[in-house]
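The entries follow the order in which I went through them.

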Amino acid sequence: MTRKFLFVLGSSRPDGNTETLARRAAEQLPSDVEQRWLNLADHPLPDFEDLRHDSDHVRPSGNNIATLLDATVEATDIVIASPLYWYSVSATTKRYLDYWSGWLRTPGVDFKATMAGRTLWGVTALADDQPVVADPLVGTLRNSAAYLGMRFGGVLLGNGSKPGDVLKDERALTEAKSFFAQEPAPARFPFEV
């Protein structure tokens, strides 16, 4: 299968540090790897309503939910690019991940089987100089990947608060050069390790 990367941008600020770092990492992908960039601010989702146990499930069409569902299942690699907001992913990113629950029961998708074996990556910028504060964000992504039987490429961490700050983070810029070149392992819950 030809690799197709979906970059899901979850910042409330256009061209912020997280997006800048994600684009630096994406520059290193081979030219034959397809890239699709979707900004959740441009594709707002309504609050997620948990209807998993109702019987009338339909595949969405012609709206932002359908756009994000289709882009997600078409991708071999999904990159969640969310700044660290209150020690986890942004609200728009969390809402997108909440929709994954609904997609588990969407007819004709078989979301869990479709996502199995694909890769989930993360990119985030944080204002703290202690990377451990991003552990809840990393856990959210790793555990989501583990539940779906995906591979997990880890999270590329950058430091920055004001726009452009991440460009001063030499460690993050160096890691960005090889971030997507690594071979991601199957995701595991912490209790499975």
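Entry 1, aromatic pairs. I searched the whole structure and found 16 aromatic pairs, a pair being two rings of Phe, Tyr or Trp (its six-membered ring) with centres within 6.5 Å, called stacked if the planes are under 30 degrees apart, edge-to-face if over 60 and tilted for the rest. The model is a predicted one, in which local features need pLDDT of at least 70 and side-chain atom pairs count only at pLDDT 80 or more, while totals for chains, interfaces and linings use all residues. Residues are numbered from 1 along each chain as its sequence is written, and side-chain values use heavy atoms, with hydrogens and water left out.

I then looked at Phe5 and Phe180, whose ring centres are 5.1 Å apart with planes at 70°, so this pair is edge-to-face. It joins distant parts of the chain, since Phe5 belongs to strand E1 and Phe180 to the loop between helix H6 (170-176) and E6, 175 residues apart; helices (H or I, at least four residues) and strands (E, at least two) are DSSP runs numbered from the N terminus. Phe5 counts as buried at 2% relative accessibility, and Phe180 counts as buried at 6%, where buried means under 20% relative accessible area, exposed over 50% and partly exposed in between (1.4 Å probe, protein chains only).

Trp86 and Tyr87 also form an edge-to-face pair, because their ring centres are 6.2 Å apart and their planes stand at 75°. Here I noted that Trp86 is exposed, with 77% relative accessible area, and that Tyr87 is partly exposed at 43%.

Which residues do ring pairs link into a cluster? I listed Phe5, Phe7, Trp37, Trp121, Phe179 and Phe180. Over the face of Trp37 I found Arg23, 3.9 Å from the ring centre, the criterion being NZ of Lys or CZ of Arg within 6 Å of the ring centre and within 35 degrees of the ring normal. The charged end of Lys112 likewise sits over the ring of Tyr147, at 4.0 Å from its centre.

I traced six strands in an open sheet of mixed pairing, ordered E2-E1-E3-E4-E5-E6, with two strands taken as paired if DSSP finds at least two bridges between them. Strand E2 (34-39) and strand E6 (185-186) are at the edges with a single partner strand each, so one side of each has no neighbour in the sheet. Strand E1 (residues 4-9) runs parallel to E2 and is joined to it by six bridges; among the bridge partners, Phe7 has Trp37 and Leu9 has Asn39. Five of the six residues of E1 are buried.

The buried residues of H1 pack against E1, E2, E3, E4, E5 and H6, contact meaning heavy atoms within 4.5 Å.

For H3 (residues 91-103) I checked the length: its 13 residues should span 18 Å at 1.5 Å a residue, and the end C-alpha atoms are 19 Å apart, which agrees; the expected span is 1.5 Å times one less than the number of residues. The buried residues of H3 include Tyr96, Tyr99, Trp100 and Trp103, and the cover over its buried residues includes E1, helix H2 (64-74), E3, helix H4 (111-115), E4 and H5.
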